Amino acid sequence: MQEDEKFMWEALHLSRQAVEHGNEPFGAVLVKNGEIVFSNENQIYTRHDPTFHGEAGLIREFCAQTAITDLREYTLYSSCEPCFMCSGALVWVKLGRLVYGASNMELEHILGNEGCNCSRMVFEHSFWQPEVTEGILRKEALEILEKYFSTNKKG
């Protein structure tokens, strides 16, 4: 748990950094053997790419730069539960473990929507299911989301 919090703090730092760079507050960190091997912040506005979420962008860049496409030995830390698109990407790279702070249901509640546990839905209906740990530094993750979306719209 202590290691999970350590890496989640980095994902939360990246989510704040994403806002400073003009994007939405989402960050992701890829870890193997207790070491950060790659990280990414949401870049949908600065890259003019609505698919460049924290997780999907991380996977895209990490795989392109390393030629590694099987991530069963890796853990991805995400400030918020990955969306359907990002969860699908985690299936395709066979991620070993996913750890996230705020849930998609909590994010959608902040946005005034009903929402769902999208990563669980994707994983349950896929050929690959990473191990999932939810709610690490949940309160801190929610504070970042609430602050940003109190004055900004999603997408």
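A residue is termed exposed when its relative accessible area is over 50%. Lysine 153 has a relative accessibility of 75% and therefore counts as exposed. The model under discussion is predicted.

**Lysine 153**

- Lysine 153 is located in the segment that comes after helix H6 (138-149).
- When residues up to four places away in sequence are set aside, lysine 153 touches Glu24 and Tyr45.
- Lysine 153 and glutamate 24 are 129 residues apart along the chain, yet their C-alpha atoms are separated by 9.5 Å.

**Helix H1**

- Helix H1 comprises residues 2-20; at 1.5 Å a residue, these 19 residues should span 27 Å, and the distance of 27 Å between the end C-alpha atoms agrees with that expectation.
- The buried residues of H1 are Asp4, Phe7, Met8, Ala11, Leu12, Leu14, Ser15 and Ala18.
- Viewed down the axis of H1, these buried residues fall within an arc of 155°, so they line one face of the helix.
- In general, an α-helix has 3.6 residues a turn, so residues three or four places apart point the same way.
- Gln2, Lys6 and Glu20 are exposed and sit on the face of H1 that is turned away from its buried side.
- After H1 comes glycine 22, which has a positive phi, near 95°.

**Packing of H1**

- Among the elements against which the buried residues of H1 pack are strand E1 (27-32), strand E2 (35-41) and strand E3 (75-80).
- The buried residues of H1 also pack against strand E4 (97-102), strand E5 (131-134) and H6.

**The sheet**

- Five strands make up an open sheet with mixed pairing, in the order E2-E1-E3-E4-E5.
- E2 and E5 are the edge strands, each pairing on one side only.
- On average, and with direction ignored, neighbouring strands of this sheet are turned by 15° against each other.
- E1 and E3 run antiparallel and are joined by four bridges.
- Leucine 30 stands opposite leucine 76, a residue in E3.

**Helices across the sheet**

- Helix H2 (residues 54-66) lies across E1, E2 and E3, and runs at about 125° to E2.

Notes: Residues are numbered from 1 along each chain as its sequence is written. This is a predicted model: local features need pLDDT of at least 70, side-chain atom pairs count only at pLDDT 80 or more; totals for chains, interfaces and linings use all residues. Side-chain values use heavy atoms; hydrogens and water are left out. Helices (H or I, at least four residues) and strands (E, at least two) are DSSP runs, numbered from the N terminus. Buried means under 20% relative accessible area, exposed over 50%, partly exposed in between (1.4 Å probe, protein chains only). Contact means heavy atoms within 4.5 Å. The expected span of a helix is 1.5 Å times one less than its number of residues. The arc is that of the directions from the helix axis to the C-beta atoms. Two strands pair if DSSP finds at least two bridges between them. Axes are lines fitted to C-alpha atoms, for helices over the stretch in contact, and angles run from 0 to 180 degrees between N-to-C directions.
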